[in-house]
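Please read them with the coordinates open.

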There are 2 protein chains.
Amino acid sequence: MKNKLATAILFSMCINAAMAQIPQGYNLWLGYSKIEDEKVLKDYRIATGSICFEKAGEMMEAAQLELNRGLECMLDQTPYFTDTIEISTAMVVARRSKLDDALLNALTSDPDHIGKEGFVIETIPYKGREMVVITAGDDSGILYGTYRFLRLMQLHQDLAGLRISDAPKIDLRLLNHWDNLDRSIERGYAGFTLWNWQKLPGYIDQRYIDYARANASIGINGTVLNNVNANALVLTPMYLEKMAALADVFRAYGIKVYLSARFSAPMEIGGLTTADPLNEDVQNWWNTKAEEIYKFIPDFGGFLVKANSEGQPGPQSYGRSHADGANLLAKALQPYNGVVIWRAFVYSAQDSTDRAKQAYNEFVPLDGRFMDNVMVQAKNGPIDFQPREPFHPLFGAMPKTPLMMEFQITQEYLGFSTHLVFLPKLYEEVLRSDTYAMGKGSTVGKVIDGSLFHNKISGMAGVSNIGNDLNWTGHPFAQANWYGFGRLAWDPALSADTIAEEWIRLTYSLDPGFISLIKPMMLTSREAVVNYMTPLGLHHLFDTGHHYGPGPWVNNLSRPEWNPTYYHKADENGIGFDRTPGGSNASSQYAREISTLMNDLETCPEQYLLWFHHLPWDYRLKNGRTLWDGLALHYQKGVDQVRGMLLTWENAKSFISDEQYKEVHMLLKIQLKEARWWRDACLLYFQTFSKMELPDGVDKPAHTLKYYQSLKFPYAPGIRPQWN
Amino acid sequence: MKNKLATAILFSMCINAAMAQIPQGYNLWLGYSKIEDEKVLKDYRIATGSICFEKAGEMMEAAQLELNRGLECMLDQTPYFTDTIEISTAMVVARRSKLDDALLNALTSDPDHIGKEGFVIETIPYKGREMVVITAGDDSGILYGTYRFLRLMQLHQDLAGLRISDAPKIDLRLLNHWDNLDRSIERGYAGFTLWNWQKLPGYIDQRYIDYARANASIGINGTVLNNVNANALVLTPMYLEKMAALADVFRAYGIKVYLSARFSAPMEIGGLTTADPLNEDVQNWWNTKAEEIYKFIPDFGGFLVKANSEGQPGPQSYGRSHADGANLLAKALQPYNGVVIWRAFVYSAQDSTDRAKQAYNEFVPLDGRFMDNVMVQAKNGPIDFQPREPFHPLFGAMPKTPLMMEFQITQEYLGFSTHLVFLPKLYEEVLRSDTYAMGKGSTVGKVIDGSLFHNKISGMAGVSNIGNDLNWTGHPFAQANWYGFGRLAWDPALSADTIAEEWIRLTYSLDPGFISLIKPMMLTSREAVVNYMTPLGLHHLFDTGHHYGPGPWVNNLSRPEWNPTYYHKADENGIGFDRTPGGSNASSQYAREISTLMNDLETCPEQYLLWFHHLPWDYRLKNGRTLWDGLALHYQKGVDQVRGMLLTWENAKSFISDEQYKEVHMLLKIQLKEARWWRDACLLYFQTFSKMELPDGVDKPAHTLKYYQSLKFPYAPGIRPQWN
């Protein structure tokens, strides 16, 4: 039987992006460029000309639509779809339960044992011909398998002898949108939220669908729609109706909707006088609310909660613990298999101890006290998404609690959307860090994927860098961070190198000459930003509120730990935060293998030096230079690295379109300007303490310290709105 | 000599929008669809295959780029460009000064007398062949002539015997952007401002160029970049640098940059203690500021000022007049040929008289007291951009002052960007209204284009409906309002009918079957919104602040004239605002021909009935119905008209793509829902006074009055930010 689909989408939906009358970038890594290589084109046309595609539900329909779109664009050939195997059939896409024995027996992998959401792609002999088979245990596996197959084709992979069996290593692969009801995005640098609350639920923007496609293509299976600094209104019917409309779009792409819940919602929208988790009215309110939500969204994922953190309400306001608070919501969601994701990003205004220690101190004693459907979500480091931090000491320290990783994809502290910084390099560093919790090899990645402590559930979240800019992420290379996050959430063991290469080839060019230039540029970009912003373990030198540009001199904020001076502690005697036993002893929160390493100046890696130690300006680094000289040279190196990136880009001009070239060239020039600003401002400020000359090789500052201190950016993007 | 350009843009830049992997709408009316008609295609390919295009400066280069783009897309043929006439040359684009005598003599029109920015397009015999000539006195004429020529081609106009000579009737054709520094847009419903302040000046978004192209194509030659509720920071170097970067982009497209100036800027950013226009320090400050601005932007257009209006600072704070204030700025700009556009939208919190009368009372006595480079900009009606108002009585009443028209393109009071309302119908009604200022035929259009009073300068402004939505305006049909505004600013005598037909053909389809459905729908859409929101002369029934939806019951705002109850004055005795001599006597501000007409119930057009009269509920309309019944039936008719629009769209499905169909279908369904809401809410409320039953034919309300009164929309878009 001829499938309806092929006729329903008669029009080819593809273009060569370079030929479009529109700015590039909208199509992300799903450009499906026409394949020009004659041999590849011919092989692919034969292999995909006639496809038996199982008809079953909206998720498989979405997969089929995408397959059709991708094949039409890449091959300029509309595939012939059937739902039974015909003489001409060259490819089969169907769930394992629908495969006949001849197909099943020919497969190398056992599709019964690939795991949830997993898939098999193989090219097998079948009745005298080659047959491409995509199969899976469930619909989502088919969806992911189809996207993987399209990616292989974009990468010009030879289809002969394909033997792929893959499944996600992590259960919950979520984006966290810090998106507000006024459409601003806290820490958003790519425009405003995609969610057009005013036009929802009646108007479904095509972008919602394309957002879901992009996420499904890299395996993201959930999205928290609103800011963790949450407005209780999202839980009212007026907004639940809008959320439900989005959930209806996302469902076909395997994406569940989650909401950030404001802990005091029972008071704000429920008319109660308390939000005490042990109060029966409060419990009933949440139970009823959960029931209501599931009426709107039958597959609602659950709540993300920021409680007792930076002014947000929480259970501690009633003398209760985080576990009491999380379990209150978990109980309400339990009948519907919803989860509570409780953030560990807490630090108290009343606690004068090292901010880096507080989450550990509050949460470790609660290990084992959370319900089964609660996850604790910790940022990758103990402070706040800095260019470099050691991993968070909670990882490995709560064996009975599934810990969810919170990475930040949006570049709050890494140059907004004008700096090219390839973040998978940062993610990789964290995931490969060894916690030693169960002996050597107990990496953060194994904590997160649940394998170390055999958790029943696992998760990784990325704070989204997506906005309504035409290219979604502001900087075209920031698309690589969204892409890379998704790939690592699927498989935390992937290397940044692999991800960079995939992304470049999918997005820009398959040309080895281009890749050999751009991949090293991407892979060094994160070290560059560390160098020109916060080298040698420095952290949180950012200007107040907006975090745009340097503000190491800021010391007038109401809470001590909001001031950069709190973190670098520079004075005439030296610089750095002593977290050894002689100082805050934060190092003791790590396994002994690590604390020993960090406490000892002989063994402490210099990249964490000033994170763990306060040292005199004339302290000698491993290379024999003074700390002051080393610091200055690191800042200079960062600037030089950006200058190198600019040069690399100029050398790559011939491989890409003029528009593609110009766009990134303008951005790299901004990045270079701002890298110099960071270097000059920080060095001038620290020099007031060190009283030492800049070493040879470091450029003379362009302005005075006073000038840098005078800069004001009242409308820098991404600031938290006043009403939150 | 072969022109460099042709090789520089080797890649075709066109696509069929329906084939793109992107949501439609980005290309506006400049889609340049491939011409499928064989005859037309052949003729056009011959006529434009070889073009002699004069090389001269960036504006003509922009014209040539656009011509190349348009021809490549429509004809799939890259034109051969030269800058001398060759044997093969079929088309010449050059300024009049460069034309040889053979060409000049063959022209019907005299290119020396077409006026500034005007152009001639003719197909003439030349050395034994047909030659298409686009010529003009200045570069901008070439730019506009090129866009006109491309439009003719998009409309499949026969090129044989072309005889077109055209020039704009109005000097200043401006968009007013109410765009803020946090990127929100006051009364913006299509996302957020295009101006990415954070990335300016270093990053030039492709959208800036495409914005300029779209405006140039319809003759818009100026843009006010920031909100009239202005932030003084825009006048600081940090922002002037950003404005200059935009001006650099727009210059090639004939578009000048203007800024909204905050009257108190000398205090806020200048450190003065006063902004008194007669104070010498204040005068010096503005003179110096003007000098500084022109260093950044040598062709800066001038200032737009909202003063002593809705809390904005102004000269009256110092006991000075609007003329004193405007002349202060005019004097500063005069050396550089800049203009001051001073808004007449004023009404005082202290003035208890009819708000509709106040602008007239304040401004008419100042006629003749403004400097030559001052224009006074008045909204089309005396209240505030209502679905229908009589024209503003200032038009015709200030013969010595060039009055600039301010239309609102963004739909603050007309359904935001979810209602399909074709505004040129409203603009046409206003422009064709007769002021009788110099006897019969003294239309508002003639006041505006300067012909009635022989003003030295003329202007028309449109409050932009443009945002960063992918399709620029939110609703695809709202593009027609931007288009139509531009066309009317070029020629205020154009008909809405002509504009609608042009736009449909440029945007959707040349098919007469489609046009015959959609054009009537567009042309009736404005009357529909009047019917379902504010029929029979009612006005300002909108809910507080955001103006989203009905709020006729609102009477608790701090200023009486902010309350809907102030405008409808409904009580048990009747409804309407008495502006006859027995009431506020606002009618006396019009010429006697008009006031006589309006004051007399026998002659007052029913569309203005309740604007000028307070009438009992049982007053008999011309059709014999009671006022109550007539009101109810008008509301019902509005709903029925929207239902008709939805049906029309459904009937037009076969002419357009699925995506195009779905998009507008969703929007029309929202519009129908909201039309019903308006009808039900207003009728239920007015019924509490009339105590009369709804007449037959009027649907029963879906909810209670209390329900409608309970609706709250705290995050409706477009509200003025608190910090303004």
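In which loop of chain A does Pro201(A) lie?

1. Pro201(A) sits in the loop between β7 (172-176) and α6 (206-218) of chain A. Helices here are DSSP runs of H or I with at least four residues, strands are runs of E with at least two, and both are numbered from the N terminus. The peptide bond joining Leu200(A) and Pro201(A) is cis, with omega about 0°.

2. Basis of the notes. This is a predicted model, in which local features need pLDDT of at least 70 and side-chain atom pairs count only at pLDDT 80 or more, while totals for chains, interfaces and linings use all residues. Residues are numbered from 1 along each chain as its sequence is written, chains are lettered from A and ligands numbered from 1 in the order in which they are written, and side-chain values use heavy atoms, with hydrogens and water left out.

3. Interface. The copies meet through the same surface, because 100% of the interface residues of chain B are also interface residues in chain A.

4. Overall form of chain A. Chain A contains 22 helices and 14 strands. Its C-alpha atoms fill a box of roughly 85 × 65 × 50 Å along the principal axes.

5. Burial and contacts in chain A. Of its 724 residues, 66% count as buried (under 20% relative accessible area; exposed is over 50% and partly exposed in between, with a 1.4 Å probe and protein chains only). Among contacts with a separation of 6 or more, 73% are between residues 24 or more positions apart, where contact means heavy atoms within 4.5 Å.

6. Surface and charge of chain A. The accessible surface is about 24600 Å², and 51% of that area belongs to carbon and sulfur atoms; the areas come from the Shrake-Rupley method with a 1.4 Å probe. There are 69 positive and 81 negative side chains, with the centres of the two sets 1 Å apart. Lys and Arg count as positive and Asp and Glu as negative, leaving out His and the chain ends; each charge is placed at NZ of Lys, CZ of Arg, CG of Asp or CD of Glu.

7. The cis bond in chain B. Leu200(B) and Pro201(B) are joined by a cis peptide bond with omega about 0°. Pro201(B) is in the loop between β7 (172-176) and α6 (206-218) of chain B.

8. Positive phi values. Asn308(B), a residue other than glycine, has a positive phi near 45°. Asn308(B) belongs to the loop between β10 (302-305) and α10 (322-333) of chain B, and is buried at a relative accessible area of 15%. For Phe385(B), also not a glycine, phi is positive and near 55°. Phe385(B) is in the loop between β12 (374-379) and β13 (403-408) of chain B and counts as buried at 3% relative accessibility.

9. Ala675(B). This residue is part of helix α21 (residues 658-690) of chain B. Ala675(B) counts as buried, at 0% relative accessibility. Neighbours within four places in sequence aside, Ala675(B) is in contact with Tyr532(B), Val639(B) and Val642(B). Gly638(B) is 37 residues from Ala675(B) in sequence and 7.1 Å from it in space, C-alpha to C-alpha.
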